[in-house]
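Open the model in your viewer and follow the stops below. Each one says what to select and what is there.

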Amino acid sequence: MAKSVREKENTNVIICGVGGQGIILASDVLCYCASLAGFDVKKSEVHGMAQRGGSVITHIRFGGKVYSPLIAQGTADYILAFEKVEALRYAHYLEKNGEIIVDNREIPPMSVLVGEAEYPADIDRRLTRMGKTHFIDATSIAAELGNMRVVNIVLLGVLSRFLRLKEKHWRDAIRKNVKEQFVDLNIQAFGRGREIAG
Amino acid sequence: MKSLLSGNEAVARGAWEAGCRVATAYPGTPSTEILENIIKYPEINAEWSVNEKVALEVAAGASFAGARALVAMKHVGLNVAADPFFTMGYSGVTGGLVVVSADDPGMWSSQNEQDNRHYGRHAKVPILEPSDSNEARIFTKLAFEISEKFDTPVLLRLTTRICHSTCLTELGERKEIEVSGYVKDINKRLVLPAHARALHLVVEERLKKIAAQSEVFRYNRIEWGKKTLGIITSGVAYQYAKEVFPEASVLKLSLTHPIPEKMIKRFAKHVRKIVVVEEGDPVLETEIKAMGIKVTGKDKIPLCGELTPDVLKSSFSKRTKAPAKSSKVPPRPPVLCPGCPHRGVFYVINKLKLVVTGDIGCYTLGALPPLSAMDTCVCMGASVTNAQGMEKALGKEFSKKLVAVLGDSTFFHSGITGLVNAVYNKGNLSLLILDNFTTAMTGHQPHPGTGRLARGERGRRIAPEDIARGCGVEMVKVVNPNDLAATELAFKQALEYDGVAVLVFRRPCALLVKPRPPYRIDPESCNGCKLCLRIGCPALSLVFPEHREKPLAVVDEALCVGCGLCVQLCQRSAIFLSRKSDG
Ligand SMILES: Cc1ncc(C[n+]2csc(CCOP(=O)(O)OP(=O)(O)O)c2C)c(N)n1
């Protein structure tokens, strides 16, 4: 995969998925990493009800000076999604040249399980139409590593290849934000993510 | 030094720096993390109170005693605490008293979108509105100073995007402030009519003094830009205005009640056109219009829903280059977690086709399909009282198919008074208390039924069944909600019972216990009958394999926590344990 860093004042990243997938931790790590790089940073997230298996989105912005903690539609440089339908739900945030990094995972929402809605069969194609999309087998990698909870950090490893932030800062940010006994595992997961991003 | 803090963390830090001694709260999104972070500062005597009225009164007592005190709640919490809030506006303070209200525009996790800036005006209490975490920290400190200087509680008004947005924040040191001690002063603190009449005059005078302060308040400031457009704004809306109208002149209000009239008039004189950019109700707009100044505001900017840069932009320009929202994306509302102990109760309710007066908590999700087992949800505690009212209107027979449902934390918050009322007034009521040993919805805070205090230390456990008996309920049962047969039997007994019956369904929240090994479904035995899907477990789904005539139910082993509820529904014993528990 090519590194595609665009020159622009602020970098906007949307992280989305299903409540309970570790989205908030992932956004904490990214946010901290960007602050280590000396950027002004803002992050906005949703707590409460949605964390019970609902759709979750966080906004992260960093650069010279950030006012709004919310990203405007059509201005996200990257969407990091933990589930495909969630990527599609927020794809309208993507900038014209923005890119989607998505775990190759489908989690049917209750509306699908009870037969009220359908999981889009052509989801991959629809995503690709919204912008350049990278499908990542992050869940499989996490399974290989023996802990499904590190999917978030595997995906951050992939994202790290696209952002101009130092690898050392990423590792420091992981150390700062995960529980001590899981640091090694998460650093490993991050490394695997970077690897597959090529 | 700068640190990344959310607005809530910043309020906690600000309280600590300000020498705050006592802090109280009842959890509620988006305010919860304020007390959760205050707990980390040992200098502050912090508690989770049982409800917001209690929390505010405890903080008020601390203020009477001369200690700086802070109380935090979500917007609707201030409805519960409104009574002491208004009177404290009359009494004023001794130690600074800061009331934090976290509003939830967009209703991310709330039942209404009320704008609590009205409360400050209504109770004649000054309001501070930070626009980011750093201001949240500074304004918390200033709120204590204003409170003591003007002898008034101060309303620190936050919104979801302040509470749950993180940015770089300066850190200061704590300034110890001695507790001044208690000095009797009944004219101030004993609001008999005779005293209150005098206090009302004081309140009106005080507002004038604070209005003068508002004119010179450092954080009410003008940022001059082009004079063609002037924006008056406050709170997070300031950030959106700067983003969308980078060239405009901006009057940023921070002490937003009372507003600085002279400053606003001066600003108005220098700009050609004024737009008031505020989230929620036209609060500033109405006051500015009353000053005779022509402004644009809610005629363009929506009053309902969350304000965002997109909403602000599209209020003034129809042109947009953003791509359209994808259509036909299946919705993903929140659901009861796999293994949630509430699930069994709602399954039985659905099966028995009961009418349910509901309440607020994770268990409100029992209202969603396929469980669809809730009819009403008004406010915390209303399940009990609504059911009693329905019985009054429709008679005893109706109460045989009616249950009231609420969680353990909700019961302590405001279910007890309703229960006493029902017993006293000879109601026929079946009350189900879903006791999962925690306040789950807001992220697992302790409450009296857990026997744990705010910092995790052991307290005294007060069991809901003991309270029910103490309230005079004679039919009280404790049931395991994961045992569907026992649950159904208990329902029948309670519904048949003449008088008030209380069933306590006890099983810890699935997020607090170690998951058990997942179940599997034997494809040979499964006939695709879908019985197991009726419990609405996210770990169960139906697939349609190509080579198979009938559909097949499957368990997502990554989600299943081995609660075994579905096993009890399968008529063909197709659901089995994939491996033995490792202990
Ligand atoms: C007056 C008021 N305060 C706070 C809240 C926020 N809130 C919603 S549900 C809930 C707690 C529910 O806990 P519990 O009754 O134990 O049910 P659980 O979520 O554990 O199922 C809280 C604090 C609210 N909606 N209204």
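**Stop 1: a covered strand**

Select strand β5 (residues 97-103) of chain B: seven of its seven residues are buried, so this strand is mostly covered. Buried means under 20% relative accessible area, exposed over 50%, partly exposed in between (1.4 Å probe, protein chains only). Helices (H or I, at least four residues) and strands (E, at least two) are DSSP runs, numbered from the N terminus.

This is a predicted model: local features need pLDDT of at least 70, side-chain atom pairs count only at pLDDT 80 or more, and totals for chains, interfaces and linings use all residues. Residues are numbered from 1 along each chain as its sequence is written, chains are lettered from A and ligands numbered from 1 in the order written, and side-chain values use heavy atoms, without hydrogens or water.

**Stop 2**

Strands pair if DSSP finds at least two bridges between them. Lys74(B) stands opposite Ala102(B).

**Stop 3: a helix**

Which residues of helix α13 (residues 283-290) of chain B are buried? Select Val283(B), Leu284(B), Glu285(B) and Ile288(B). Next comes Gly292(B), which follows α13(B) and has a positive phi, near 90°.
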